[in-house]
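These are my notebook entries on what I looked up in the structure below. I start with the terms and then go element by element.

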Amino acid sequence: MRRAFEFLLVGSVAATLTGCLTLMPVSSHVQRGVDFAHYTTYDWGPADARPVTDERLRENPYFVDDVHGAIDTELNRHALVRAATERADLLVHYHAAIAERVEVASRPGSYRDCLGDNCQPQVNTYDAGTLVIDIVDASTRELVWRGWAEHRLEDMLDDPVQVRRRVQDAVRRIFDTFPLAVNPTSRRTALEGTR
Amino acid sequence: MTAVRLFAAGVAVAIAAIAAACAPITVTSFTERGVDVARYRTFGWDRTDTSVPGDPRLENNEMFHRYLRDAIDRGLVSRGYEPTIVQPDVLVHYHTSSRQKIYTSGEQRSAERCRDCSVQVYDEGTLLIDLTDARTGALVWRGTAESGLAGVVDNQSRMEETIERVVARMFVNLPRRS
């Protein structure tokens, strides 16, 4: 009984921890109380001073194009149409932040009852990239939505085809959390309802 | 295993899961010697510092900062202080940051032996709230809180609950105005 209980306990704690530590987490925040249904158009907002802080990414011509293209695709998929800045409801910009992070190389529990040097956990550093997409209400200039994905930088310096695939996957998964429906017909109905 | 025992085990598992998800909060506070904080009546906001070193998800994130600011407002009001924009007695300022920490669990039996040892890396957020005398600029009260952020930032509702809990805990240490 005791062993079964311990097993369940360890299992649930591990499940909670791994739930928080899955690779390439994607999520977003939304400004509460904002009705997204009345937004129909967007444009690219003024870029950050340095949208891509890491020169390895900045010098990669594919990365910037891929991110731009993937965001355009996703906004269109959510029935937002690009318009001239002065007519746009929303302004979009993104940036990629790079930071050095540490990770534990050995699996949890892999050095149970260890002895000597085996007790030293393997802690590695790596470059973590966070792609942050900001959507600002053009009339109020307030941030209404922010989505992000976290990834290892080395995966973004891979061959162009792989990078494009990962960027598209990341941006698509970020926009899966966007408050507007993907289906254009349901969106059109929603828009007509607001008029 | 009887049904009762199974149920008890289930409850224990659920409690353990919740405990692991809601990381502990460490709170400290400091009051300037000789200052009677409760004699200040009104508060107002100093400029808001929206940078969050260590977490690009929260850096300049208006959703995060607005919620935090509102929670601090509510916390101060709950201790009897009054918000104002005209000549406040104290100015409120906060600062947030995040960094990775390493946590080792297990039983260290000697320098070379360890039983059931494991290591976790987690993000720890720090919140610092300062109240300064609006007239002299002197610091009168400072509260700090540290909280694990695993699974917090990626879930907006949980982030808001965490802010609520952290701020409420911090202001327990602020002298109440009668």
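Buried, in these notes, means under 20% relative accessible area, exposed means over 50%, and partly exposed is in between (1.4 Å probe, protein chains only). Helices (H or I, at least four residues) and strands (E, at least two) are DSSP runs, numbered from the N terminus.

I note that this is a predicted model, in which local features need pLDDT of at least 70 and side-chain atom pairs count only at pLDDT 80 or more, while totals for chains, interfaces and linings use all residues. Residues are numbered from 1 along each chain as its sequence is written, chains are lettered from A and ligands numbered from 1 in the order in which they are written, and side-chain values use heavy atoms, with hydrogens and water left out.

Entry 1, helix H2 of chain B.
I looked up which residues of H2(B) are buried. They are B:Met63, B:Phe64, B:His65, B:Leu68, B:Ala71, B:Ile72, B:Gly75 and B:Leu76. At its start, a side-chain oxygen of B:Asn61 comes to within 3.0 Å of the backbone nitrogen of B:Met63. Just after the helix, B:Gly80 has a positive phi of about 95°.

A nonpolar core is a set of buried Ala, Val, Leu, Ile, Met, Phe, Trp, Tyr and Cys residues joined through side-chain atoms within 4.5 Å. Which members of the largest core touch the most other members? I found B:Ile72, B:Leu76 and B:Ile129, out of 35 residues. Among the elements of chain B that give two or more residues to this core are helix H2 (62-78), strand E5 (113-133) and helix H3 (156-171). H3(B) gives the largest share, six residues.
A second, separate core has 33 residues, including A:Tyr42, A:Leu57, A:Leu80 and A:Phe178.
I also listed the contacts (heavy atoms within 4.5 Å) of B:Ile129. Leaving out residues up to four places away in sequence, B:Ile129 touches B:Ile72, B:Trp141, B:Met170 and B:Phe171, among others.

I counted five helices and seven strands in chain A. Along the sequence they follow the pattern α-β-β-α-α-β-β-β-β-β-α-α. Of the 195 residues in chain A, 42% are buried. Among contacts between residues at least 6 apart in sequence, 77% join residues at least 24 apart.

Two strands pair if DSSP finds at least two bridges between them. Strand E2 (residues 41-44) runs parallel to strand E4 (residues 90-104), with three bridges, and A:Tyr42 stands opposite A:Leu90 there. E4(A) is joined to strand E6 (residues 123-137) by 15 bridges, and the two run antiparallel. Here A:Val92 stands opposite A:Ile135, and A:His95 stands opposite A:Val132.
E6(A) is mostly covered, with eleven of its 15 residues buried. Nine bridges join E6(A) to strand E7 (residues 143-152), again antiparallel. In that pair A:Asp134 stands opposite A:Arg146. E6(A) and E7(A) form a hairpin with five residues between them, and A:Arg141 in the turn has a positive phi of about 65°.

Is A:His78 buried or exposed? A:His78 is buried, because its relative accessibility is 1%. This residue sits in the loop between helix H3 (61-77) and strand E3 (81-82) of chain A. A polar atom of its side chain lies 2.8 Å from the backbone oxygen of A:Glu74, and one lies 3.2 Å from the backbone oxygen of A:Phe175.
A:His29 lies in strand E1 (residues 26-30) of chain A and counts as buried at 0% relative accessibility. The A:His29 side chain reaches the backbone oxygen of B:Val153 at 2.9 Å. Leaving out residues up to four places away in sequence, A:His29 touches residues of chain A including A:Trp145 and A:Trp148, and residues of chain B including B:Leu58, B:Asn61 and B:Met159.

Notes. Polar contact = N/O pair within 3.5 Å; in protein donor to acceptor, adjacent residues only side chain to side chain.
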